[in-house]
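Welcome! Have a look at it first, and then read on.

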Amino acid sequence: MNIQEYFSLVFSDYTLRTITLGTAILGAVTGMLGSFAVLRKQSLLGDAISHAALPGIAIAFLMTGAKDSNTLLLGALVSGLIGTFWIRGIITKTHLKSDTALGLILSLFFGFGMLLLTHIQKQPNANQAGLDKYLFGQAATLVESDVWMMAIVTGICLIVLLLFWKEFKILLFDKDYAKTLGFNTKTIDILITSFIVLAIVLGLQTVGVVLMSAMLLAPAAAARQWTNSLATMVFLAAIFGALSGVFGTAISASQNNLSTGPVIVLIAAVFVFVSFVFSPSRGLLFKQIRFIKNRRDLELHKTLAFMYHIAETHDDISHPHEIKILNNFQGFTRGTLKKLVEKNYVTLQGTTWSLTHEGFKSASNLYNQLNKNDE
Amino acid sequence: MTKIAVQVDDLTVAYNYKPVLWDIDLEIPEGVLMAIVGPNGAGKSTLIKSILGILKPIAGSVTIYGKSYEKQRSLVAYVPQKGSVDWDFPTTALDVVMMGTYGSLGWIKRPRQKEKKAALEALEKVGMLPFKNRQISQLSGGQQQRIFLARALVQDASIYFMDEPFQGVDATTEIAIINILKELRKAGKTVIVVHHDLQTVPEYFDWVTFLNVKKIATGPVKDIFNDDNLTKTYGINYKVSIQE
């Protein structure tokens, strides 16, 4: 199956439709919530939460013996939440910095989870196979009820975001100030963190513990490059996340052996790369172009100013001068001279140049402007 | 007799074992423009944050016009230190000033035309109206400070707390800000400012509190702003020449 076939099949084929819808919704909700994590400088929180969820999955399996995803994800949710609040506790109660707390909980929970997983694998239980799909995710196992679950959580998340938009915004920007205005910042904080945990847990089946944080961060980091408005950023992150889901699924479904989670993450990374390079205001490319253009303008202005100084000493401002004189001035190049001719500021005759009236006028204006800025 | 705007009793605050503020008693009369001065680590910002309920004190109490801060929130506005927020946050100048209206709006309710109008007026007052749609990271340090000031003005409070509003601003902005503060005092408001530049205290303020973990002195600038109190506060033999 190639990609074209995929897109013609996606509307008719039940399995493909389910998986695509699932990854798209997942991408949208993690992108949305990821924006908040990125802006709170809690980018690594997602990584810690997803790793912290692993022992929950194993314990849920050990306790129930069941393999249906809802039971296991409930376990993931509980241990993810425990991990998150331990991280908060460590940060507030000790002198440890947040990166230390995150790393500590991440490795501790993940290690414990791996221990339990290997223990489970040694058990004579036919059900045990497939638990390791939560490590790297397996989108192919998504069924309709999983997608419904994602859709419902995303819906609730949207409603909460819209209702508490103003509160979220002020908490993100200036927490202390929000407190003085009478907002219970702890409640807002817990609300938003809980939703991040929920979204991560929902994605474990599809993307897996190890790569889940990329779903949270990549769309948000890409979206930040394109806008200076929080609402637009959240919206764009959701779009980028959803597109990553759709294209990731398309590519992995059309290339037989590629697993979906990593492909989705790679697509999201492409969004990030393109955004970093090509965004008009913050992108590297346009920044560099602006930088070079500014330098050129400055060079041109300096050369013109130098000529102006020479011309000023003569009664006739268009009195011709040897080009050689300009060699004393470091900023001068053949290119700048040509540009000045193009702009009709200078005329060339043999080895001499002379300033035109227009050039003289604009040079003196340049001067006045500079002086004005100094005031 | 003038009313007491802010009253602090036996306030003690500690982050760990060492107290940052020790047994502070302070009465701030209504309508003064007061500087809080003291060396680094003297607890100036901590005092403001404790009064505003951002920090929880170990002991002591604070009242605003005789009642607890929680009940009098709407009478108080706060200008935090400029460095306390991330100015690369994706939002505009107008949007930040609008945040000043969030308190009176309360939970869930969105700002509307009325709030926007108030925010625009505040921007006008601090001379930042032409920059209303500017992304905040593209503002200079002085402009960012004015935005913070405008956000507090929108709150239309009776008491203003400001944490180093003159930090890192140029002379033009400093004059603009102090003029606004003086206008607030003229309108009968109480303004409390954490201040670092001792030279300008007599010129800008009419009331001063010396703080170094303990309260050293508080009162009218003309009575207590002297070498004796400065030496007690800063620990070295401090001499300023007060120009009359």
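A:Phe240 is buried, because its relative accessibility of 11% falls under the 20% cut-off. Keep in mind that this is a predicted model. The notes below begin with aromatic rings and then turn to the place where the chains meet.

**Aromatic rings**
- A:Phe240 and A:Phe271 have ring centres 5.0 Å apart and planes at 25°, so this pair is stacked.
- A:Phe240 belongs to helix H12 (residues 230–254) of chain A and A:Phe271 to helix H13 (residues 260–278) of chain A, so their pairing ties together parts 31 residues apart in sequence.
- Over all chains, the whole structure holds 13 aromatic pairs.
- One of them is the edge-to-face pair of A:Trp86 and A:Phe109, with 5.6 Å centre to centre and 80° between the planes.
- In that pair, A:Trp86 is partly exposed at a relative accessible area of 47%, whereas A:Phe109 is buried at 8%.
- A cluster linked by ring pairs includes A:Phe173 together with B:Trp87, B:Phe89 and B:Phe148.

**Where chain B meets chain A**
- On chain B, 34 residues are in contact with 29 residues of chain A.
- B:Phe89, B:Pro90 and B:Trp107 supply 25% of the area that chain B buries against chain A, more than any other three residues.
- The two chains bury about 2900 Å² between them, with 61% of it on carbon and sulfur atoms.

**Charged and polar links**
- Six salt bridges are found across the interface of chain B and chain A.
- A salt bridge joins the side chains of B:Lys49 and A:Asp176, at 3.9 Å from N to O.
- Between chain B and chain A, 16 residue pairs are in polar contact.

Definitions and conventions:
Residues numbered from 1 in each chain as written. Chains lettered and ligands numbered in written order. Predicted model: local features only at pLDDT ≥ 70, side-chain atom pairs only at ≥ 80, totals over all residues. Heavy atoms only, no water. Contact = heavy atoms within 4.5 Å. Buried area = accessible area lost by both parts, 1.4 Å probe. Salt bridge = Lys/Arg side-chain N within 4 Å of Asp/Glu carboxyl O. Polar contact = N/O pair within 3.5 Å; in protein donor to acceptor, adjacent residues only side chain to side chain. Phe/Tyr/Trp six-rings, centres within 6.5 Å; stacked < 30°, edge-to-face > 60°. Buried < 20%, exposed > 50% of the residue type's maximum accessible area, 1.4 Å probe, protein only. Helix = DSSP H or I, 4+ residues; strand = E, 2+ residues; numbered from the N terminus.
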